[in-house]
Structure formats: structure tokens, C-alpha cells
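Please find below a short briefing on one protein chain. The sequence and the structure are shown first.

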Amino acid sequence: MLFRFLRGMLLLSLAVFLAGCKSVVLSPSGDIAQQQGNLVIVSTVLMLLIIVPVMILTAWFAWRYRASNTEATYDPDWHHSTSVELGIWAAPLLIVIALGAVTWITTHTLDPFRPLARISATQTLAKDVKPLQVQVVALDWKWLFIYPDYGIATVNELAAPIDTPINFQITSSTVMNSFYIPALAGQIYAMPAMETKLHAVINKIGNYEGFSANYSGAGFSGMKFRFHGMSKEEFEAWIQKNKDAGNKLDRPTYQALEKPSEREAVRRYAQIDPKLYDAILNLCVDPNKMCQRDMMAIDAKGGLGLAGVYNVGRLAYDRPRARGHGESEAERAYVLSLCTIDRSANPTSLSLTAQPLSAAVIR
């Protein structure tokens, strides 16, 4: 009796504590997140249509056919029932079909790369509405948000007007992270040298939490930021507040910013290098580094390594064929030898030594 009483009190206390909980995933403030929350509910209900009856029937069978129940039918030779077979196979099949249909539809309608078609369940998106462009960069361990249309940038603070579509361009400076604002939309990975996208909208004014949902090192736990849903007037005032900050985000400033640091305070930049995000994406913020897009263009044409030399170098018996077809021999040049740095003699003085093609070494 005492055990039952204590168990009842424990369950009651848990219910009291849980009464104050609010799941932002199932009660978000953005239309995309709301649709995703509805998807979770629908999927859960569909699966419970099978799970709950199975659990109930398991307990009922154990009770009904217990050894002490002499009134239960005993039929050791029973082996088949058409009605039972129909129930066992038809119900799961219908659930799988329903889940498959829901998955197929929402995979397309909630694709993060797909531009929004509506603001909310009751409001369609007007054709003349200009989306808010936001470029997101995951750093160690902080977030950089660039507003290219306004020429400003912030660290660890993001804002957007309500009922306005937001187009996020997301990348990372070093390792993989995950951009996640539960009230706005599902998490999207941020990867170096790659760009992911997210289209979303916030429908309610508020102060929301954003963070990285993918472990990225020692400062991961503090890699959080605030997302402000504002009225259009408040958003314009927020933009002006950042413009009054006076700081400029150029390449040297970014190189200092991207150094690992934890729990950074909000920073504001009134001016930005318009080509900075493209340089971050292509891993060439440092002017001494070749941009990824240029490297890919070289690779597409055969590359400049040993294998690439053989791919792009014209063979001797092909040269006459090119003459007379509008292509001059002087118009094209090919790598016939590669230079390596000779550090053997004096490490402090570097000299370039050309080597024959067959003996060229890339270091």
C-alpha cells in the first residue's frame, strides 16, 4: 500500500513539473516550423495507431490466457485465422502507405531549398514581396550574419521582420556545424566550401534562441545566438543601430574574427566587404590563396598536376590538325615542366628549380 502511494505521489509531482514545459518544436512561431511540428504529430499519431493496440492486446492476451484462467479456450492445434491474418497485415500496410504519402508530399513542400509559397496557413505570398537575404557563416565558436542588401553584419545576433520571407545562404569557415532556430525552421547543416540554403518566415514578434545542433569542438556548448522577430519599423531601427556602430568588416577584420573564441558578445559592423561571403565560401579570404572556384575550373580543364599536363598537353601528331581552323599555336600555352622549391641547401633562402616533366615533383 505504501509503495502504491509513493508511486502515485511521484507521478503526480512529475505531472506538476511537466505542466510548465513548452515544447517550441510543437509550438513554434514560424510557418515552416509549424508545418514540421504538424508533421511530427501526424507521424506519431499514425504510428500509435499500431503501437497502442499491440501493447493493449499483449497485456490482454497475457491476462486472458494465463495458466490460472480455466475458462479460456485451449486449442493447441490452432494454426490459422483469416480474420487475424487480415488484421495483422492490412493495418500496418495502410499505416505504411499513409506515412509514405505524407513523407513524399512534405519532402517536396518543406524542402529548405524551395522558395516559400505562403506566409502562413491563411496568407499566401504576394509576388511583389522582396525576401530578406541573410548570409550565415559558422565560425569557431560563434555565428556571423551578413545582410548584403543593407551592407551590415552582426555576430551572434540575428533579426528579421515578421511575415517577410527570409532567404538564408549558409556556409562554415572550418568544420561542419548546424544552423538551428527551433521557432523558425528545422536545422540545416553548415559546411566549409559548400553552401546550403533555407527559406523560412517568422510570424510572431519575439526573442528566440538559435544555436549549433552539431558538435564542432570545445566551444560548441556556447555557440548560441538570439534571433529577434520584429515589426518592420523595429527592424528598420535595428538596421540603423548596426549602421551607427561604425565598425567595418573587411578581410583582415574577418581573419581576426574567425580565430577560435568562446561565448562571444554581440558585435556589429556598419560596413562590409561585398565580396567577403564569396571569398569565405571559396576558401580564399587570404589573398595569397587560390579560390576554390578557380581551382575547380582548372581541374575541369585537366588540372595542372602531372596527370593534368598529359591531359591538356597537345601531342605532336595533333598539331598539324589544329592549323587552319582559326586556332593559333601562340594562343594557347601548356605546362611542360613544374617548379619545385629547393629547401635542401639553405632553408632560409628559397629558389625555384625547373625539372623535366618526367621527373617533376609536387610538394
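The model is predicted. The protein has 363 residues, and 33% of them count as buried. Its secondary structure comprises nine helices and 17 strands.

**Overall make-up**
- The accessible surface amounts to about 23100 Å², and carbon and sulfur atoms contribute 62% of that area.
- Among contacts in the protein with a separation of 6 or more, 62% join residues 24 or more positions apart.

**The six-stranded sheet**
- Six strands form an open sheet with mixed pairing, in the order S10-S7-S3-S4-S5-S14.
- From one strand to the next, the twist averages 20 degrees.
- Five bridges link strand S7 (residues 166-172) to S10 in the antiparallel sense, and Phe-168 lies opposite Leu-198 of S10.

**The packing helix**
- Helix H4 (residues 232-243) packs on the sheet and touches strand S3 (132-139), strand S4 (142-147), strand S5 (152-155) and S14.
- The direction of H4 makes about 90 degrees with that of S5.

**The nonpolar surface patch**
- Val-24, Val-25, Leu-26, Val-40, Ile-41, Val-45 and Leu-49 make a nonpolar surface patch of about 530 Å².
- Val-25, one of these residues, is located in the loop between helix H1 (2-18) and helix H2 (31-64).
- Val-25 has a relative accessible area of 36% and is therefore partly exposed, since that class lies between the cut-offs of 20% for buried and 50% for exposed.

How values were computed
Residues are numbered from 1 along each chain as its sequence is written. This is a predicted model: local features need pLDDT of at least 70, side-chain atom pairs count only at pLDDT 80 or more; totals for chains, interfaces and linings use all residues. Side-chain values use heavy atoms; hydrogens and water are left out. Two strands pair if DSSP finds at least two bridges between them. Helices (H or I, at least four residues) and strands (E, at least two) are DSSP runs, numbered from the N terminus. Axes are lines fitted to C-alpha atoms, for helices over the stretch in contact, and angles run from 0 to 180 degrees between N-to-C directions. Contact means heavy atoms within 4.5 Å. Patches are made of residues with over 30% relative accessible area and no salt bridge: like charges are joined within 9 Å, nonpolar side chains (Val, Leu, Ile, Met, Phe, Trp, Tyr) within 5 Å. Accessible areas come from the Shrake-Rupley method with a 1.4 Å probe; for residues, only the protein chains shown count as cover. A salt bridge is a side-chain nitrogen of Lys or Arg within 4 Å of a carboxyl oxygen of Asp or Glu. Buried means under 20% relative accessible area, exposed over 50%, partly exposed in between (1.4 Å probe, protein chains only).
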